[in-house]
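Good morning, colleagues, and thank you for making time for this presentation. I shall show the structure first and then take several of its parts in turn.

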Amino acid sequence: MTLNAIERLEQAMEAGRRNLPLVRVAGPVREVTASAARVAGVSAFVRLGDRIGFSADGRVQIGEVVRIDAAGATVKPFESRIEAGIGSLAHRIGPAQLRPDSRWKGRVIDALGRPVDGLGPLAEGPDSVPLDADPPAAMTRARVKTPLPTGVRAIDLFTPLCAGQRIGIFAGSGVGKSTLLAMLAGAQGFDSVVVALVGERGREVREFLEGPIAASRDRAVIVVSTGDESPMMRRQAPKVALAVAESFRDRGESVLLIVDSVTRYAHAARDVALAAGEPAVARGYPPSVFSDLPRLLERAGPGAEGTGTITGIFSVLVDGDDHNDPVADSIRGTLDGHVVLDRAIAEQGRYPAIDLLGSISRLSGEVWTGDQRELVRKLKSMMSRFEETRDLRLMGGYRAGSDPDLDQAVSLVPRIYEALRQEPGQPPSRDAFLELAHSLRG
């Protein structure tokens, strides 16, 4: 057979493949529970994370494969209720994909990438990106060293940030976590802002859009999954936000990513893992939660050399004000710093209620000069002395003049606390060190 004949045969075979009708992998629903459904006959054709469509009442309900065994696949729907019944047909859709575009800025979407702002359909970008992308390789990532002023005096002084850093806001409920995040959302110097509101109250979404983020709305993409939505939606919202942020980062943009909150993502991941049959190992959390968290958080940060950065601010809702909760402990060990909000400080009326002695930025050395580092060290030493002698002073065991260091702390620390007060409506700080110096002189 000549070469031309072989080429003609290959072309004919390829044309035949293209003309073959597409085959849809499908199987019947064999079991339905309150949280998941079992689909038979698809085990050999699906993978974990694939989308499955249920035919129910003349429409298609979408779910995700969370477990596969020889008898079938366990599928958890994105809606709160499963409408498919025994014998309903379920078909494979494929892996989740997203096509972000710069024209998404100014839009509000849900955890499935659908618009929820009533402004029409979303434009599709040129490239499709996965929702579970791998973080950039460690040796190709750029260094994090560019200072990033936030406009919040307490943070710029004691826990300064860098572009590409990942930091957590740790707080119990009602301590001002969302308010501080709203203040940070107004930070300047970013090309794009991506916000994931995970498990939030429905009323707070519009308040956030029309309040703190309003000034940055034209460069922001908001991903919303409210607390009444299914665990699958709450679990996917941060992944969608990260996929959008990664798309902007790969175009060379500097991106601010805010996720409120990672704890609710962990709660949703726990529900999904338990439905898939995983055992609970730590306060009800299955093992996969503690591997999913670092994988999610590592996707933020600097990109490869020559691309942009994702500066990640993640709120962590500390259950029962226990900062050693397994989820909080796992997140704290992954991030590049943490800001702790204290309920006792909030009850004193000091906002933001930041525990300055318990908060840390692991990249502060890239921001402070030598003189600033020494000044912060002295300020923290004074505040530590002031706080540890609080009970002694309340009982009348302190006499002025007996300890010069304590005298200085008693004189200056209340004025420092007062200088660090900052309400959401106040103008952002321009030079935190200079403003503190002016306050102390005054």
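Pro302 has its place in strand 16, residues 301-302. Strands here are DSSP runs of E with at least two residues, helices are runs of H or I with at least four residues, and both are numbered from the N terminus. Please bear in mind that this is a predicted model, in which local features need pLDDT of at least 70, side-chain atom pairs count only at pLDDT 80 or more, and totals for chains, interfaces and linings use all residues. Residues are numbered from 1 along each chain as its sequence is written, and side-chain values use heavy atoms, with hydrogens and water left out.

Is Pro302 buried or exposed? Pro302 is buried, because its relative accessible area is 9%. The term buried means under 20% relative accessible area, exposed means over 50%, and partly exposed lies in between, with a 1.4 Å probe and protein chains only. Leaving aside neighbours within four places in sequence, Pro302 is in contact, that is, has heavy atoms within 4.5 Å, with Pro136, Arg141, Ala142, Val144, Gly164, Gly308 and Thr309. Ala138 is 164 residues from Pro302 in sequence, yet their C-alpha atoms are 10 Å apart in space.

Let me now turn to the chain as a whole. The protein chain has 13 helices and 19 strands, and its C-alpha trace spans about 100 × 50 × 40 Å along the principal axes. Of its 442 residues, 50% are buried. Among contacts with a separation of 6 or more, 72% join residues 24 or more positions apart.

Next, helix 3. Seven of the nine residues of helix 3 (residues 177-185) are buried, so the helix is mostly covered, given that buried means under 20% relative accessible area. The buried residues are Lys177, Leu180, Leu181, Ala182, Met183, Leu184 and Ala185. What do they pack against? Their partners are helix 2 (153-158) and helix 4 (202-210), together with strand 12 (166-171), strand 15 (254-260), strand 17 (309-317) and strand 18 (337-340).

A nonpolar core is a set of buried Ala, Val, Leu, Ile, Met, Phe, Trp, Tyr and Cys residues joined through side-chain atoms within 4.5 Å. This core has 56 residues, of which Leu180, Ile213 and Ile222 touch the most other members. Helix 12 (residues 404-420) gives the most to this core, with seven residues. Apart from it lies another core, of 50 residues, including Leu98, Ile109, Ala196 and Val259. As for Ile213, and not counting residues up to four places away in sequence, Ile213 touches Ala185, Val193, Val195, Phe208, Ala220 and Ile222.

I come now to a pair of helices. Two packed helices are described by the angle between their axes and the distance between the axes. The axes of helix 7 (residues 287-298) and helix 8 (residues 326-334) come within 10 Å and cross at roughly 35°; axes are lines fitted to C-alpha atoms, for helices over the stretch in contact, and angles run from 0 to 180 degrees between N-to-C directions. On the helix 7 side, Phe290, Leu293, Pro294, Leu297 and Glu298 meet Pro326, Val327, Ser330, Ile331 and Thr334 of helix 8.

Asp110 counts as buried because its relative accessibility is 7%, whereas Pro126 counts as exposed at 61%. A polar atom of the Asp110 side chain lies 2.8 Å from the backbone nitrogen of Arg114. This is a polar contact, meaning a pair of N or O atoms within 3.5 Å; within protein, one must be able to donate a hydrogen and the other to accept it, and residues adjacent in sequence count only if both atoms are side-chain atoms. Beyond four places in sequence, Asp110 touches Val116, Val223, Val224, Met233 and Val240, while Pro126 is in contact with Arg99 and Asp101.

Finally, Arg362 is found in the loop between strand 19 (360-361) and helix 10 (370-388). Arg362 is partly exposed, with a relative accessible area of 46%. Its side chain reaches the backbone oxygen of Leu335 at 2.6 Å.
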